[in-house]
There are 2 protein chains.
Amino acid sequence: MHTLAEENYLKALFSLENEHGEVNVNELSKRLGIKMPTVTSMMKKLAANKLVHYESYKPLKLSEKGRKEAALIIRKHRLAEMYLVEKMGFGWEQVHDIAEQIEHIQSAPFFAKMDELLGYPKIDPHGSPIPDKHGKMMWRGYNKLSDCKENETVTIIAVLNTSDDFLKFLNSKQIRLGLVVKVKSAEPFDGSMLLSYEKHPKETLSHLVCERLLVEKT
Amino acid sequence: MHTLAEENYLKALFSLENEHGEVNVNELSKRLGIKMPTVTSMMKKLAANKLVHYESYKPLKLSEKGRKEAALIIRKHRLAEMYLVEKMGFGWEQVHDIAEQIEHIQSAPFFAKMDELLGYPKIDPHGSPIPDKHGKMMWRGYNKLSDCKENETVTIIAVLNTSDDFLKFLNSKQIRLGLVVKVKSAEPFDGSMLLSYEKHPKETLSHLVCERLLVEKT
DNA sequence: GTATAATGTTAGATGAATCTAACAAAAAAA
DNA sequence: TTTTTTTGTTAGATTCATCTAACATTATAC
């Protein structure tokens, strides 16, 4: 169907659009680690296949078709991550790179079976929603921990970075999905927060970390 | 490490060498569905990487290094097939194409985990041996059913073709690994055989089929 | 509102894996 | 042993995804 390269561009475009609406060539180039001229020519190719709307010097935009294709690849990625964690016993910090490869497998029965064995999960091990078979994806109402006020008590429902380093750091602090934390104070100067949870009555997390933790009011 | 294309050449060379010793460019070309000139140039590339011994107009031969690499890819393929059948509930006729894709995944932990969850299997769902981590592969002492004599009773221990069509045909005759069959007669003219097993007192199989069933004396 | 910086495009090259057409060698047949 | 067939190689083209260098446009800063 699509080449590996095309799939990677679609996925990156989808993520960037979700993160901050408009996407430009430079951003996409940086995200993929591919030089801008290469990105431009791939955009023309994807536009010829009606997967993106492309006009010179204008922001990039996935077409409906492109968005659906992208969501279906992300569906495969997230199902794979969930399978690796739930059925094979991997930690949430180990699964990204493996899923990155599994997501390109072309076999509807393979992913249908994974979905079935997992009991049709709605979220992956990092709390991100798994798009459905039609490419529809729903985010829960969420906030960043960094936007919470003092004395709020919230539940961590997702993490916005699936890199091995970040997740290992969370592991070392016993931070996981479902954890209930109380904001004891938020430092206006550097955005760091003092939190209290379980056996950690006084744990300070940097702004960079708090920004990547999505929470729900408890 | 290696490209997808290189891996496919190595695997095909390995299989052809196991099937009938010497391999030539024409055979490899047909096996892969790739034209001869392309095969020649890839042989030069693999030779430059010390994976095959190549000399113009001479038979092709894997080097020790090449044979090991190939065996490790086949190991991944067969572990994947076993996993798909044993842990995911696929039929033996459904797994070839999926495993063909999984075998190219680069992740030692992924295959180590599969191996562990399967209890370190020695054969795949079609009875073929799974090479060990060092690329060593052992075939059991076997014979083709087509070489058996009248009145012999044998156990089917492997099938030499993993195509969906062939395996569906075997399913329709209730033929599977471990089945004990008695040769009632062998037709010298066309090599077909009359067999008796379980609820099939008189089942005739063509030479083409009998040749692809490996058996062990019971 | 011009100068500078950032972003984006065009043109042309490269390497991988493929092809076809033409030629060469080896094997088989006559 | 000469001819024919099969097999293998060389040369050169094509497509894909990438690059660098040069140029163009848009946005930012002074």
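# A tour of a predicted two-chain model

Start in chain A by selecting strand β6, residues 193-197, together with β7(A): the two are paired antiparallel through 4 bridges. Pick Leu194(A) and look across to β7(A), where its bridge partner is Thr204(A). Keep in mind throughout that this is a predicted model.

**The sheet of chain A**

Now widen the selection to the sheet these strands belong to. The sheet of chain A is open and has 6 strands, ordered β3-β8-β4-β5-β6-β7, with antiparallel pairing. At its edges are β3 (143-144) and β7 (200-205) of chain A, each of which pairs on one side only.

**A salt bridge in chain A**

Move to the side chains of Glu19(A) and Arg31(A). They meet in a salt bridge, with an N to O distance of 2.7 Å. Glu19(A) belongs to helix α1 (residues 4-20) of chain A and Arg31(A) to helix α2 (residues 25-32) of chain A, so select both helices to see how the pair links distant parts of the chain, 12 residues apart. Over all chains, the whole structure holds 30 salt bridges.

**Where chain A meets chain B**

Display both chains and select the residues in contact: 18 of chain A and 18 of chain B. Between them the two chains bury about 1,400 Å², with 70% of that area on carbon and sulfur atoms. In chain A, highlight Met88(A), Gln101(A) and Phe110(A); these lose the most area to chain B, together 36% of what that side buries.

Which helices of chain A each supply at least two residues of the side that touches chain B? Color α4 (64-86), α5 (96-102) and α6 (108-117) of chain A to see them. The largest share, 5 residues, comes from α6(A). Sorted by type, the residues on this side of chain A are 11 nonpolar, 5 polar and 2 charged.

How many salt bridges are there between chain A and chain B? The count is 0. Polar contacts across this interface come to 3 residue pairs, both residues of a pair being at pLDDT 80 or more.

**The sheet of chain B**

Hide chain A and turn to the sheet of chain B. Here 6 strands form an open sheet in the order β3-β8-β4-β5-β6-β7, and the pairing is antiparallel. The edge strands, each pairing on one side only, are β3 (143-144) and β7 (200-205) of chain B.

Walk through part of this sheet strand by strand:

- Select β8(B), residues 213-217, and β4(B), residues 153-159; 5 bridges join these antiparallel strands. Within the pair, Ala158(B) stands opposite Leu214(B) of β8(B).
- Step from β4(B) to β5(B), residues 180-186, which is joined to β4(B) by 3 bridges and runs antiparallel to it. Thr153(B) has Lys182(B) in β5(B) as its bridge partner.
- Continue from β5(B) to β6(B), residues 193-197; these strands are antiparallel and joined by 4 bridges.

How values were computed
Residues numbered from 1 in each chain as written. Chains lettered and ligands numbered in written order. Heavy atoms only, no water. Contact = heavy atoms within 4.5 Å. Buried area = accessible area lost by both parts, 1.4 Å probe. Salt bridge = Lys/Arg side-chain N within 4 Å of Asp/Glu carboxyl O. Polar contact = N/O pair within 3.5 Å; in protein donor to acceptor, adjacent residues only side chain to side chain. Nonpolar A, V, L, I, M, F, W, Y, C, P; charged D, E, K, R; others polar. Pairing = 2+ DSSP bridges.
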